Number of protein chains: 2
Amino acid sequence: MPPARDAIVDAAQAEFLRLGYDGASIRAIARAAGVDPALVHHYFDNKADLFGEAIASPIRPDRIVAEVLKGPRADIGTGIVRILVTRLDDERAQATVLGLLRTALGHEFAARMLRQFLVREVLHRIADELGLDDGELRASFAGSQLVGLVVARYGIRIGPLAEASNEEVIARVGAVVQWHLLGDLSSGPGG
Amino acid sequence: MPPARDAIVDAAQAEFLRLGYDGASIRAIARAAGVDPALVHHYFDNKADLFGEAIASPIRPDRIVAEVLKGPRADIGTGIVRILVTRLDDERAQATVLGLLRTALGHEFAARMLRQFLVREVLHRIADELGLDDGELRASFAGSQLVGLVVARYGIRIGPLAEASNEEVIARVGAVVQWHLLGDLSSGPGG
């Protein structure tokens, strides 16, 4: 990595820790790194990219959602789960994601950063795209199923769930994510 | 607490750590505590009780499931979620449960204990009761939604999900748990 890029990432880590996701700005990060904001934009498309790099996340929920939202609406749930479990076939990716979750569970400032990132870059985007009044709430329920899948399958590794094939997981969890996002809540799943 | 009961809990903690949930026995715990196994049974109904005490868990999935399985089958999902979120109205209970999850994500021996406990005392029981071929797999998917609810609502506290009422959570997550356990998988939720 070029030294300027290193300096930007270091400054971003410090600013996100100090101010949270919403409070940190590209401009302030550039100032802290001693570079022009244009150079930050040269290396990173946006604040979400810089955040993903700062926390070294191998999973980018904002990008997964952006990609899946381009496809057919009926495939959003399975599409998200397919990308997630395929990425998590990599054991290093598993360890990193589980480490991030553990940190968020142990430190309020980490939870706040993650929370702000998810609301700003993931929930807002899904809600806008789906055009539903309760889009952010629906997206957060869907997110709860996805976080639980990661914790139970790759973290605690509950027997049958850890041994299930990716296809089995994509079918069942994908159907639930789809229902949380777009299902008829009056009848319930399967209703 | 009487000194003998203290000694039993101390010995149980050591034995569970050393041997895991499946490997530890009431007999060996009694021996380590220097008491008769009958005294262990005097204080604790079974190994699950002793484990719940050893890890100081305010939530007992085995008891929640046993209680809900006594009621109508159609209410299992909402019943489980109702008990869970009602318990977690208590902030100390939240902190303890999140601490246990964090520990399980950071230490393989803790993950193994929790995994063995859940398979033995929760998944087996649900599978037996429901009489389905894939009952344990279904129960572990349901468990993933529940774990995710705990992490996302009480740990990361994702905005809309943290602010939702218990009734809203019970309706949506209950429907998903019900579907994971007993739904028609060929059509998917809402199908």
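Q: Where is the place of D62(B) in chain B?
A: Helices here are DSSP runs of H or I with at least four residues, numbered from the N terminus. D62(B) lies in helix α5 of chain B, residues 61-68. A word on the model: it is predicted, local features need pLDDT of at least 70, side-chain atom pairs count only at pLDDT 80 or more, and totals for chains, interfaces and linings use all residues. Residues are numbered from 1 along each chain as its sequence is written, chains are lettered from A in the order in which they are written, and side-chain values use heavy atoms, leaving out hydrogens and water.

Q: Is D62(B) buried or exposed?
A: Buried means under 20% relative accessible area, exposed over 50%, and partly exposed in between (1.4 Å probe, protein chains only). With a relative accessible area of 4%, D62(B) is buried.

Q: Which residues does D62(B) touch?
A: Contact means heavy atoms within 4.5 Å. Leaving aside residues up to four places away in sequence, D62(B) touches A48(B), F117(B), E121(B), V122(B) and R125(B). There is also a polar contact, which is a pair of N or O atoms within 3.5 Å; within protein, one must be able to donate a hydrogen and the other to accept it, and residues adjacent in sequence count only if both atoms are side-chain atoms. The side chain of D62(B) makes one with the side chain of R60(B), at 2.8 Å.

Q: How do I read the interface, and what area do chain B and chain A bury between them?
A: The size of an interface is often given as the accessible area lost when the parts come together. Buried area is that loss (1.4 Å probe), summed over both parts. Chain B and chain A bury about 4000 Å² between them, 75% of it on carbon and sulfur atoms. L105(B), I156(B) and R172(B) supply 20% of the area that chain B buries against chain A, more than any other three residues.

Q: How many salt bridges are there between chain B and chain A?
A: A salt bridge is a side-chain nitrogen of Lys or Arg within 4 Å of a carboxyl oxygen of Asp or Glu. The count between these chains is four. One of them joins E108(B) to R157(A), with the closest N and O atoms 3.1 Å apart.

Q: What rotation superposes chain B on chain A?
A: Two copies of a chain are related by a rotation about an axis and a shift along it. Superposition is by least squares on the C-alpha atoms of residues with pLDDT of at least 70 in both copies. Here the rotation is 180°, with 0.0 Å of shift along its axis (RMSD 0.0 Å). The two copies are therefore related as by a two-fold rotation axis. In chain B, the C-alpha nearest the axis belongs to G148(B), 1.7 Å from it.

Notes. Buried area is the accessible area (1.4 Å probe) that two parts lose on being put together, summed over both. Helices (H or I, at least four residues) and strands (E, at least two) are DSSP runs, numbered from the N terminus.
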